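Dear colleague,

I am handing over the structure that we spoke about, and it is placed just below. My notes on what was found in it follow after that.

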Protein chains: 2
Amino acid sequence: MTLPETIDAEQLADRVAAGDAAAVAVELREQQPADAAEVINELPEHARAEILSHLSARDVSHLLEYLVRHGERALTPLARLPGGSLTAIFNRTPLGTAARVLREMPRELRSEIVDSLAERDIVRNLLAQDEETAGALVTTDFLALRERMTVMQAQATIRTSEILTRRLSHVYVVDNDDRLVGSVSFRQLLLSPQNLDLGRIMRRDPISVFAGTDQEECARIMERYRLDTLPTVDAEGRLLGFIDLPEVLRIAEGEATEDMYMIVGLSAEESVNTSIARSVRLRMPWLLVNLVTAFAAAAVVGMFESTIARAAILAAFLPIVGGQGGNAIIQTVTIAVRSIALGELTLRNARQVLVKETMLGLTHGAAMGVVAAVAVFLWSQELILSIALGVAMVINMLVAGAAGVLIPLILRRFGVDPALAAGIFGTTVTDVVGFGVLLALAAVSIGVLGL
Amino acid sequence: MTLPETIDAEQLADRVAAGDAAAVAVELREQQPADAAEVINELPEHARAEILSHLSARDVSHLLEYLVRHGERALTPLARLPGGSLTAIFNRTPLGTAARVLREMPRELRSEIVDSLAERDIVRNLLAQDEETAGALVTTDFLALRERMTVMQAQATIRTSEILTRRLSHVYVVDNDDRLVGSVSFRQLLLSPQNLDLGRIMRRDPISVFAGTDQEECARIMERYRLDTLPTVDAEGRLLGFIDLPEVLRIAEGEATEDMYMIVGLSAEESVNTSIARSVRLRMPWLLVNLVTAFAAAAVVGMFESTIARAAILAAFLPIVGGQGGNAIIQTVTIAVRSIALGELTLRNARQVLVKETMLGLTHGAAMGVVAAVAVFLWSQELILSIALGVAMVINMLVAGAAGVLIPLILRRFGVDPALAAGIFGTTVTDVVGFGVLLALAAVSIGVLGL
């Protein structure tokens with residue numbers, strides 16, 4: 001196993017503080033850019049700015065696509081570089097990466113840099129794209145070959161082009177109106193007779209997406225058809241650029257994490273590195289929503305205050321009903337949300353999944369209800385209340401199965417992300433239903449049986 | 001946007017039933033293999049087997065890597081093909097894919113097929129690899145070039161080789177002992193002078209992994225360094241093959257989903273398509289664990305039965321304390337689990353993250369505690385009990401922050417997956433602490449103040 005050697009950030013910081021920034025910059029150039037970006041991100045801000053000032057525009061531009069992964073904070077030292085350097089750096093950066101970096105920079109600095117760029121119109125256009133779409137990911141620096149070129153002409157064009165610095169397996173082919181018509185692999189160019197037209201050797205009609213296509217869908221298409229690049233076209237079919245698989249890998253991982261975060265009321269933007277102030281701002285709203293929904297459950301319990309006053313052991317049963325129902329609905333919601341994201345749960349099979357999860361809830365409810373009722377009876381010796389607990393659990397888990405599928409589908413129906421705090425809404429449903437059924441049954445049996 | 005046209009599975013099933021299987025097979029050949037595999041998977045079993053019998057060994061072998069994505073069930077029609085066909089199919093399939101498919105087949109059929117294969121030793125070796133490692137993903141059908149070859153010799157070798165059917169951007173270079181020493185892109189081969197040695201133009205010491213390297217780590221390395229293939233070597237550095245990015249994309253997505261499933265006590269193997277019986281088997285154990293832990297919370301409440309009998313409104317406060325604590329700890333656990341998976345939370349920064357989440361819990365607790373105490377006072381007019389509720393919430397959310405980081409780290413310390421039912425354990429902690437503090441404070445104040 002060969003992995004690049006990494007450097008220790010603390011040691012580097014000391015050396016920069018000791019005035020050794022130029023030598024440190026030289027060492028970082030030798031590192032893999034992913035590693036260099038990580039180390040730089042860990043340095044104190046002034047050290048980062050100093051190191052960047054010792055790197056060439058070309059070196060910094062190579063680092064940008066890795067620095068941007070560490071978020072906004074990693075890019076702050078850029079603001080300390082003189083305007084001329086920034087222009088030089090961004091003029092050398094692939095436009096898609098430049099746009100991604102610029103998105104994370106303060107608005108004023110951003111427009112200043114954009115105005116100074118050679119390709120400012122394309123970059124402005126990229127910045128205007130919705131962040132979650134193919135347009136925001138697209139690599140626009142690419143070489144497109146013409147259908148009527150011969151293999152020999154294509155080879156000559158590639159030889160003289162400075163664009164193709166990235167490792168790619170193929171080049172896209174366009175017609176005279178720049179419409180995407182095919183792709184040719186470098187391997188084919190290497191192996192085909194020199195005088196054939198590209199139109200003869202290319203693969204026709206490659207799979208492509210629009211700039212407005214959702215990134216998650218792009219990831220799904222690339223995974224499904226095993227593509228390493230995905231061309232992006234405009235409404236007329238003209239080639240705008242392509243999306244690169246490593247970028248999509250981050251998105252695919254990110255989307256699954258995002259779903260999971262949203263279910264529990266977290267923002268996808270948060271990580272362990274987020275500042276406390278920002279974490280508070282991000283989490284507090286959902287904790288408040290959760291508090292409001294908790295009051296709904298509390299109100300249900302409050303309605304039965306006199307019942308509980310007569311049989312206080314009922315209070316001890318609440319966490320059992322609530323805990324089981326909550327866990328069951330969170331399980332179902334999680335499966336439903338991921339299945340929607342993966343395209344496995346659609347309106348077409350919604351009914352079938354709903355029936356399955358409801359049956360599953362009934363089965364689990366029956367099993368857990370009996371176990372819990374027996375256990376609680378052995379503990380409390382309250383036969384009627386133990387039966388009420390068992391019945392409440394059966395009903396609650398049946399409801400958990402149904403609601404766990406319906407909540408994400410309903411959120412989606414209203415154009416909201418199906419994961420959005422689905423866990424919070426879900427556990428409210430099971431708390432309200434579980435407590436309500438348990439206490440109502442208890443109230444009736446205490447009243448009727450005069451316990 | 002150009003996407004392949006898809007066919008309707010029901011219509012195909014009718015046509016197969018009407019004796020049209022041969023024509024259907026021809027149409028499916030024209031489809032993208034990913035789409036053909038999906039349609040085939042949706043057909044009734046006998047129709048699937050019939051269609052496969054009308055496809056050539058070569059066509060079926062192309063389908064295999066897509067069929068295997070639909071899991072075990074999609075591969076059952078293979079068992080109906082005659083042994084000779086199966087051998088022909090598997091002999092044409094890349095060995096890595098063959099091994100992945102064989103893993104999903106019944107043990108007896110599997111060993112029968114393996115015994116009949118030309119490369120049976122390599123396939124047996126692949127099957128012996130741990131399923132979660134690089135070795136189980138590796139593509140072993142590859143062309144490695146020698147360091148001492150000239151560009152011209154390399155081009156000739158590639159021309160006469162039948163192996164490189166996949167779209168790749170580069171070829172790996174080995175020394176005389178088959179040790180991986182570099183890589184050369186097709187683009188370089190196209191552009192370099194014909195008489196140079198590969199050793200002169202190759203990139204040296206490519207990043208590589210061992211066959212035993214965990215798949216999740218492979219995904220991380222490929223994402224970090226933006227690799228489209230990742231070579232796999234043995235202990236002596238000999239090249240075994242390489243891992244392909246589209247395969248890893250599936251793993252990366254899968255791992256995030258897996259974490260999320262495990263936190264709530266689900267198995268990564270489950271989807272909406274899992275049978276009810278299997279879903280019950282997979283979920284019941286964790287629901288039972290959850291029931292046991294719910295009894296811990298119930299026991300705490302039970303200890304204060306007489307307190308509740310005197311102030312039954314306390315029962316209504318339980319869902320408020322429990323709900324907020326539960327939501328807070330699930331949020332923290334989710335962040336901690338994903339951060340561990342992404343390498344952002346390690347033992348090195350554990351203390352810092354622990355402090356942050358504890359502070360965050362304290363902040364949220366203070367804010368929510370005040371809001372809840374005021375709201376509950378307005379509702380119940382119980383001043384002392386409302387204060388007790390507020391205090392319980394502060395303490396509980398502080399504990400939620402700390403325990404939410406510690407539980408995944410402790411699970412990991414004991415060699416268990418940090419996500420393993422962390423949500424279930426977490427909510428138990430907050431239920432026990434929240435209920436305990438609230439009721440203890442209430443008991444003391446009722447006792448002392450004689451309310």
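Is D59(A) buried or exposed? D59(A) is buried, with a relative accessible area of 15%, where buried stands for under 20% relative accessible area, exposed for over 50% and partly exposed for what lies in between, with a 1.4 Å probe and protein chains only.

Before going further, please note that this is a predicted model, in which local features need pLDDT of at least 70 and side-chain atom pairs count only at pLDDT 80 or more, while totals for chains, interfaces and linings use all residues. Residues are numbered from 1 along each chain as its sequence is written, chains are lettered from A and ligands numbered from 1 in the order in which they are written, and side-chain values use heavy atoms, with hydrogens and water left out.

Salt bridges

Over all chains the structure holds 40 salt bridges, each being a side-chain nitrogen of Lys or Arg within 4 Å of a carboxyl oxygen of Asp or Glu. In one of them D59(A) is paired with R29(A), and the closest N and O atoms are 2.9 Å apart. R29(A) belongs to helix α2 (residues 21–30) of chain A and D59(A) to helix α5 (residues 57–67) of chain A, so the pair ties together parts that are 30 residues apart in sequence; helices (H or I, at least four residues) and strands (E, at least two) are DSSP runs, numbered from the N terminus. While D59(A) is buried, R29(A) counts as exposed, at 52% relative accessibility.

In chain B, D178(B) forms a salt bridge with R146(B), with 3.1 Å between the closest N and O atoms. Since D178(B) lies in the loop between β2 and β3 (180–185) of chain B and R146(B) in strand β1 of chain B, this pair ties together parts that are 32 residues apart in sequence. D178(B) is partly exposed, with a relative accessible area of 35%, and R146(B) also counts as partly exposed, at 30%.

Another salt bridge of chain B joins D20(B) to R15(B), the closest N and O atoms being 3.3 Å apart; D20(B) is partly exposed at 30% relative accessibility, and R15(B) is partly exposed at 23%. In chain A, a network of salt bridges links R15(A), D20(A) and E27(A).

Strands of chain B

In chain B, 4 strands form an open sheet with mixed pairing, in the order β1-β2-β3-β4, two strands being paired if DSSP finds at least two bridges between them. Its edge strands are β1 (144–146) and β4 (203–204), each of which pairs on one side only. Strand β1(B) runs parallel to β2 (residues 170–174) and is joined to that strand by 3 bridges, and A144(B) has Y172(B) as its bridge partner in β2(B).

Strand β6 (residues 229–233) of chain B has 5 of its 5 residues buried, so this strand is largely enclosed by the rest of the structure. From β6(B), T229(B), P231(B) and V233(B) point one way and L230(B) and T232(B) the other way. Strand β5 (residues 209–210) pairs with β6(B) in the parallel sense over 2 bridges, with T232(B) as the partner of V209(B). Strand β7 (residues 239–244) pairs with β6(B) in the antiparallel sense over 5 bridges, and here L230(B) is partnered by I243(B). β6(B) and β7(B) form a hairpin with 5 residues between them, and G237(B) in the turn has a positive phi of about 85°.

Backbone angles and surface charge

Most residues other than glycine have a negative phi.

With kind regards
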